[in-house]
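Subject: Structure for you to look at

Hello,

I am passing on the structure below. My notes on what was found in it follow.

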Amino acid sequence: MAVEVVDVVVEAAPSADEPWGRVDEDGTVSVREADGWRVVGQYPDGSAEEALAYFERKYTDLASEVTLLEVRHRRGGASASDLRSTARTINGKLDGAAAVGDLASLVARVAALTETLAAESATEAVAAREAVDDAVKARTELVEKAEALAARDPRTVQWKQATADLNSLFDQWQSQQQNGPRLPKSTAQQLWKRFRDARATVDKHRRAFYAELDEAHKGVRDRKTRLVEKAEALAPKGEDGISAYRELLDQWKTAGRAGKKVDDALWARFKAAGDALYGARIEREAADAEASREKIDLKRALLEEAKAVGDERDIAKARSILTGIQRRWDEIGRIFPRDTERSLDDELRRVENALRTREDADWKRNDPEQKARANDMTRQLTDAIQKLEDELEVAKKSGDKKAIANATDALEARRTWLKALGG
């Protein structure tokens, strides 16, 4: 069906009661507007109804675009500037549109919406400027944090944490760049240059630190490798190499760090060398302990015999019994393990100490000098008692209560002392 759009021809203003479109006999279609009829095209190969329906569908399409724009505005989500751009496009389509319908109402709706969008665009512009200012501030904070990391003394930096912090700052930078407002080009370039330079400085310091650390690790690795080789060379000495191994262990503790993997590998070798030496000791001690089983039984039997030492009232005989036990004890020899030997020795030592205590007490009782002193003290106390008894007798006859009490107390004290001396 051929449709021809012709030049606009405006006739006299129609009545408001007339339909929006009309079709002439030659298929020319016109739309009613406020100032007259305007030709919108021709539809020569169809009926008047078909011609009118065609241009009414054009109007319906335009009305749908206007309605969709209004719906987008009501729902929100689209910026006012974007909606204004769409409104201008629709307005251009409405101007001289080849369509039949109330085009003026569509133009009015678009105009009203455009006015509202203009006010909203102004608000958006202010918000956009504020968002840009906030974004500049946020980016500047990221830059300053990166520069603070770059300014730190490389010798005091925990590089694992510092690297994680810098990566986090870079991730935040990218997030703000992708999701935040677009910054002015000059400002964005200036901030990025500062951030990039800070990252480069941190990376330079990190490389230098790890290069120096690698060199230090190399020196430690060489020292520890030599210690491992010396420890492994002690293997033929067996238990006798333990003392030298301990000296190597002291050197190991002060050798420093060579990196976790290297340290772990070298320590495994060093420890294995030590385990071999201590293993030889354990084997020897196990053999000694096995050989000591009979000796332990013999010494326990001697301890049973030693009980007679405490039971013997004659100290000389008790000493003779203990001397014989001590001689046989020494003939049995050393016992393993050492803690068992110490336990058995402690039991015998208690018997020895008990007898020594008895001997000391007996010696003090039979010491001539001690006896002489005791006899002299006994005579003095006996004389004093005799004198106090005479004084008490006199006091009783005189009835002097105070004198009686004093003499009685003094007499009781002297008698107690005399009794203590065995008198």
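A nonpolar core, as the term is used here, is a set of buried Ala, Val, Leu, Ile, Met, Phe, Trp, Tyr and Cys residues joined through side-chain atoms within 4.5 Å. Please keep in mind that this is a predicted model.

The largest nonpolar core has 24 residues, and the members that touch the most others are Val29, Leu62, Leu94, Leu103 and Leu106. Two or more residues each are given to this core by β2 (28-33), α1 (48-75), α2 and α3. Helix α1 supplies the largest share, 7 residues.

Leaving aside residues up to four places away in sequence, Leu103 touches Val31, Glu33, Arg38, Tyr59, Leu62, Leu94 and Ala97.

Next, the helix pair. The axes of α2 (residues 80-94) and α3 (residues 103-151) come within 9 Å and cross at roughly 155°. Angles over 145 degrees count as roughly antiparallel, and α2 and α3 are therefore roughly antiparallel to each other. Their crossing is left-handed.

Which residues meet between α2 and α3? From α2 come Ala80, Ser81, Leu83, Arg84, Ala87, Ile90, Asn91 and Leu94. On the α3 side they meet Leu103, Leu106, Val107, Val110, Thr114, Leu117, Ala118, Glu120, Ser121 and Glu124. By type, the residues of this contact divide into 11 nonpolar, 4 polar and 3 charged.

Regards

Key. Residues numbered from 1 in each chain as written. Predicted model: local features only at pLDDT ≥ 70, side-chain atom pairs only at ≥ 80, totals over all residues. Heavy atoms only, no water. Axes fitted to C-alpha atoms, helices over the stretch in contact; angles between N-to-C directions. Helix = DSSP H or I, 4+ residues; strand = E, 2+ residues; numbered from the N terminus. Parallel < 35°, antiparallel > 145°, perpendicular 65-115°, else oblique. Left-handed = near helix turned anticlockwise from the far one by under 90°. Contact = heavy atoms within 4.5 Å. Nonpolar A, V, L, I, M, F, W, Y, C, P; charged D, E, K, R; others polar. Buried < 20%, exposed > 50% of the residue type's maximum accessible area, 1.4 Å probe, protein only.
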